[in-house]
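Thanks for coming. I will go through one structure today, so please look at the sequence and the model first.

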Amino acid sequence: QILTKRANFSSATTPMGLQRTVEGEVERKTGKTFCPPGGKRMVFFLDDMAMPVVNTWGDQVTMELARQLIEMSGFYFLDKDKRGDFKIIELLEYIGAMGHPGGGRNDIPNRAKAKFF
């Protein structure tokens with residue numbers, strides 16, 4: 001059986017919000033390794049990826065966190081006592097959707113696009 005989870009992106013979506021959404025769907029497997037409940041596979045649908053805001057420097061930090069999650073199979077702990085330690089997330093697969101840039105939608109970073117093509 002495969003589990004599913006949908007993350008709806010908007011202009012208010014933050015990297016911390018995305019990370020908390022992912023963390024809410026996984027459980028500790030061993031040490032710093034996490035996976036979906038029961039060790040099942042999970043398909044994570046990233047909806048409207050073009051919506052997170054672009055900062056002053058032209059970065060879309062929410063999408064960079066999504067790229068890191070896909071590329072490195074995890075991200076860094078946000079808890080103060082574990083900050084800097086890498087949290088491994090296993091058994092997740094990703095599907096993304098977005099509209100064409102324009103009208104409030106932004107183009108996603110090329111490094112993130114490369115993970116879907």
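I start with Lys87, which is found in strand β6, residues 86-89; strands here are DSSP runs of E with at least two residues, helices are runs of H or I with at least four, and both are numbered from the N terminus. This is a predicted model, where local features need pLDDT of at least 70 and side-chain atom pairs count only at pLDDT 80 or more, while totals for chains, interfaces and linings use all residues. Residues are numbered from 1 along each chain as its sequence is written, and side-chain values use heavy atoms, with hydrogens and water left out.

Is Lys87 buried or exposed? Lys87 is buried, at a relative accessible area of 7%; buried means under 20%, exposed over 50%, and partly exposed in between, with a 1.4 Å probe and protein chains only. Among the residues that Lys87 touches are Glu23, Phe34 and Tyr76, where contact means heavy atoms within 4.5 Å.

Next, the sheet. An open sheet is formed by 3 strands in the order β1-β4-β7, with parallel pairing; two strands pair if DSSP finds at least two bridges between them. β1 (2-8) and β7 (92-97) stand at the edges with a single partner strand each, so one side of each has no neighbour in the sheet. Between β1 and β4 (residues 41-47) there are 7 bridges, and Asn8 stands opposite Asp47 in β4.

How values were computed
Lists of a residue's contacts leave out its neighbours within four places in sequence.
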